[in-house]
Amino acid sequence: MFIAVSGTLASGKSEVVRYLTFQGFTLVSIESQGDQNGASKPNENGTGALNGNGTHHKGPSALDQQIFPSFDALLNHVTENWRSNYVLSHIDHSETLKALQKRPFFLHLSIDAPLTLRFQRHQLKNGEKALSRSEFIEQSDDLLFNAANPLLEINNQAHIKIINTSTSLKDLYVKLSELDLLNQERLRPTWDSYFMRLADLAALRSNCMKRRVGCVIVKDNRVVATGYNGTPRNLTNCNEGGSEQPYLHAYVYTRKKMHYLKSEETV
């Protein structure tokens, strides 16, 4: 599994990464190439010619991490070793996210927190070096709504979204534990979950004004048919002005006809 974390300033990204390393994940990162967080854009096809196993050393947060010369080298490595667990602490480019989303072992986690709480955390962590409130707000807004790579758009695409209102690390770790991030169903749904999602999708085709219903008929884990509720064939749809009375008559007629056919079949 490869988990990438994105989030706002002082929302708790580093602690989420630390928690995952406690669960056996390897922290991976990219050598700084001029970007604020050392991220580099992938090639157009999402892969690269650079290969390498990366170098190990302690990062700013004192966590052992594996550093790669480029995003492409990192992506090649985690793809070749997809059975291992890795975590990336930042996603700063939409192109990076698009490349990662193609990998079936990828999980995107975003984290946020109320602005006031984030500023308080920032003050506690940085002390005298902390930004002023106005500077913190300005930097947060720039990160969220930056015209080139707005973090807001990246966070909105996350598979799992966490609002970190925890008042202690223990509370945050308990919350992360309850999410069961290592559950493989997050990457590949079970048959039941898969078929229920198909039923939910089929329900979107419903034209009933009162309730959407979808169904999937399955045999030996193979889809036989899908369907959704609505008016009978050749009658005006509910969402196009069809009335309930013709619908009711047609429904009763259909039921009688089906009953008649079944009776004949049993003779």
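**View 1. Buried arginine 118 in the predicted model.** Arginine 118 counts as buried, at 4% relative accessibility. This is a predicted model. The side chain of arginine 118 meets that of aspartate 112 in a salt bridge, 3.7 Å from N to O. Aspartate 112 is partly exposed, with a relative accessible area of 26%. The structure holds two salt bridges.

**View 2. The salt bridge between arginine 18 and glutamate 15.** Here the closest N and O atoms of the pair are 3.5 Å apart. Both residues belong to helix H1 (residues 13-22). Three residues separate arginine 18 from glutamate 15, about one turn of the helix. Glutamate 15 counts as buried because its relative accessibility, 19%, is under 20%. Arginine 18, with a relative accessible area of 23%, is partly exposed.

**View 3. The largest nonpolar core.** This core has 21 residues. Phe2, Val28, Leu74, Val78, Ile91, Leu100 and Phe106 have the most contacts inside it. Elements giving two or more residues include strands E1 (2-7), E2 (26-30) and E5 (86-88). H2 gives the most, with five residues.

**View 4. Surroundings of phenylalanine 2.** Residues up to four places away in sequence are not counted here.

**View 5. A second, separate core.** This core has 20 residues. Among them are Val5, Val17, Val87 and Ile162.

Technical notes. Residues are numbered from 1 along each chain as its sequence is written. This is a predicted model: local features need pLDDT of at least 70, side-chain atom pairs count only at pLDDT 80 or more; totals for chains, interfaces and linings use all residues. Side-chain values use heavy atoms; hydrogens and water are left out. A nonpolar core is a set of buried Ala, Val, Leu, Ile, Met, Phe, Trp, Tyr and Cys residues joined through side-chain atoms within 4.5 Å. Buried means under 20% relative accessible area, exposed over 50%, partly exposed in between (1.4 Å probe, protein chains only). Helices (H or I, at least four residues) and strands (E, at least two) are DSSP runs, numbered from the N terminus. Contact means heavy atoms within 4.5 Å. A salt bridge is a side-chain nitrogen of Lys or Arg within 4 Å of a carboxyl oxygen of Asp or Glu.
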